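Please look through the sequence and the structure before starting.

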Amino acid sequence: QAEDGIRDFCLSRGLGDVYKRQNQNRVEMENLRGKGEQNVYRAWEQDTKLEQINKTAREAEEIGLTVNSNLLKQREVILSTTENTKEIDSELKKTNKLITQMSFREMLRIFGLYILIIILAIADGVIALKKLRLL
């Protein structure tokens, strides 16, 4: 309003302009609603994908825990087997030492038998010579 009380001159646009603006607003609202629905659908798709990824991650974690548990059991078996192998190796060394000692004793016994056979052969030869001289 002007200071003198007279209104400023303003052209009336008429009702057609009002309806046009309402139609434009309605179209814009429908466009926004459509975009909002698209965004909701995209969010739902992403949420579904995220749930699937989480499910896959949980399954992978369970598999990893199972594999880890199996590896720990195998490690225990390997450590136990290693200890058993060390024991067996120790016993084999003892057995090898005993066999070596027994082999040495057997060689000495055989050597002693050969010497005894030689002594007996010499004695037999001496006896045979004495008998021949006596005759």
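**Exercise 1.** In this predicted model, decide what kind of contact Glu 83 forms with Lys 86, and find where in the fold the two residues lie.

*Solution.* The closest N and O atoms of Glu 83 and Lys 86 are 3.9 Å apart. Because the cut-off for a salt bridge is within 4 Å, the contact counts as a salt bridge. Both residues belong to helix H1 (residues 15–134), where, being three residues apart, they are separated by about one helical turn. Glu 83 itself is partly exposed, at 45% relative accessibility.

**Exercise 2.** Determine how many residues apart Lys 93 and Asp 89 are in helix H1, and state whether each is buried, partly exposed or exposed.

*Solution.* Lys 93 and Asp 89 are four residues apart in helix H1, and therefore about one helical turn separates them. Their closest N and O atoms are 3.5 Å apart, and the two form a salt bridge. With a relative accessible area of 57%, Lys 93 is exposed, whereas Asp 89, at 37%, is partly exposed.

**Exercise 3.** Describe the pairing of Arg 109 with Glu 106, and then give the count of salt bridges.

*Solution.* The side chains of Arg 109 and Glu 106 meet in a salt bridge with an N to O distance of 2.4 Å. The two residues are three apart in helix H1, so they are separated by about one helical turn. Arg 109 is partly exposed, with a relative accessible area of 45%, and Glu 106 is partly exposed as well, with 33%. By the distance rule, the count comes to four salt bridges.

How values were computed. Residues numbered from 1 in each chain as written. Predicted model: local features only at pLDDT ≥ 70, side-chain atom pairs only at ≥ 80, totals over all residues. Heavy atoms only, no water. Buried < 20%, exposed > 50% of the residue type's maximum accessible area, 1.4 Å probe, protein only.
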